[in-house]
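Here are my notes on the model you sent over.

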Amino acid sequence: MMRLFYSPFHGFVHKSLVVMHEAGVADQIITVPTFPFRNTAGEAVYGQYPMTELNPLGKVPTLALANGVVLYGSQCVVEYLDALSKGPRLYPPDGPRRWDALRRLALGDTIFELGVQMGLEGRQPPAEPRPALYASLQAKIVASFDLMEEEAAGYNDFDIGHVGLLQGISYSAMMYSARAADPLYPDFDWRAGRPQLAAWYDETIARPSVQAHLNKPYEGDMSPEFHRQHLQAVLAARSAA
């Protein structure tokens, strides 16, 4: 069995979960809830969660193969999972379609990263958030959503670029709905003035690979002990290889 260490917050679309279902390998993967912003005691202390034993960046998603090989970085993880698929691949073959898919994947990933950056900034004491940073990040997010609205009518089929866009859009929607993203623009609504993008998003999140987790609570063991058990199993497999 492979092990996918990931954040079990299902208020947004996880690329890795979507791809493992699209590839038909979900039954070969143990999902291991991971909280990079907590230590083993469950305290909210950044940088003390033991993911660094597998991934020096201490980030998720991290995919551990049965032989102890560890892959990290979402783009690496999802491309590996897609390579296991016995059905249609989400990564188009070489040519214009592939580069367009990778471009959209990069766009969605960056929107997601901007949202995470805003969320981390919001953890700072009230006197410390930097208005100039928020303004810069917001301008990039708005420009990205405007571009997606222009292109949405041409979002045909379903490829890895669309998976990336779903994650970026859904994470932004979650952050802004919680008023946790941007104190300068707390009422930002990505749907406003973007009917084509909104229609595409609503239709696409109905895919079974998305509905398998979106807005559904994680029902497994989320304890530090469970995490440590599987982390140790990966380390043992690595030592035996």
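1. Let's begin at phenylalanine 145. Leaving out residues up to four places away in sequence, Phe145 touches Ile111, Ile169, Ser172, Phe188, Trp190, Arg194 and Leu197, where contact means heavy atoms within 4.5 Å. Please keep in mind that this is a predicted model, in which local features need pLDDT of at least 70 and side-chain atom pairs count only at pLDDT 80 or more, while totals for chains, interfaces and linings use all residues. Residues are numbered from 1 along each chain as its sequence is written, and side-chain values use heavy atoms, with hydrogens and water left out.

2. Which residues have the most contacts inside the largest nonpolar core? They are Phe145, Met148, Ile160 and Leu197, in a core of 50 residues. Such a core is a set of buried Ala, Val, Leu, Ile, Met, Phe, Trp, Tyr and Cys residues joined through side-chain atoms within 4.5 Å. Two or more residues each come from strand E1 (2–6), H1, H2, helix H3 (96–122), helix H4 (131–151), H5 and helix H6 (195–204). A second, separate core has 10 residues, including Phe5, Leu54, Ala64 and Phe226. In soluble globular proteins, nonpolar side chains tend to be buried together.

3. Now for the overall layout. The protein has eight helices and four strands, arranged along the sequence as β-α-β-β-β-α-α-α-α-α-α-α. Helices (H or I, at least four residues) and strands (E, at least two) are DSSP runs, numbered from the N terminus. Of the 241 residues, 47% count as buried; buried means under 20% relative accessible area, exposed over 50%, and partly exposed in between (1.4 Å probe, protein chains only). Among contacts with a separation of 6 or more, 70% join residues 24 or more positions apart.

4. Helix H1 deserves a look of its own. Six of its eight residues are buried, so H1 is mostly covered; the buried ones are Lys15, Ser16, Leu17, Val18, Val19 and Met20. Glycine 24, which follows H1, has a positive phi near 75°.

5. How do H1 and H5 pack? Helix H1 (residues 15–22) meets helix H5 (residues 160–177) at an angle of about 145°, with the axes 9 Å apart. The axes are lines fitted to C-alpha atoms over the stretch in contact, and angles run from 0 to 180 degrees between N-to-C directions. Lys15, Val18 and Val19 of H1 make the contact with Ile160, Val163, Gly164 and Gln167 of H5. Ile160 is also among the residues with the most contacts inside the largest core.

6. Alanine 83 is in helix H2 (residues 74–83) and is partly exposed, with a relative accessible area of 42%. Alanine 83 and alanine 23 are 60 residues apart in sequence, and 8.1 Å apart in space, C-alpha to C-alpha.

7. A few backbone details are worth checking in your viewer. The peptide bond from valine 60 to proline 61 is cis, with omega near 5°, and proline 61 is in the loop between strand E2 (29–33) and strand E3 (62–64). Aspartate 157, in the loop between H4 and H5, has a positive phi near 55° and is exposed at 64% relative accessibility. Asparagine 215, in the loop between helix H7 (208–211) and helix H8 (224–240), has a positive phi near 60° and counts as exposed at 60% relative accessibility.
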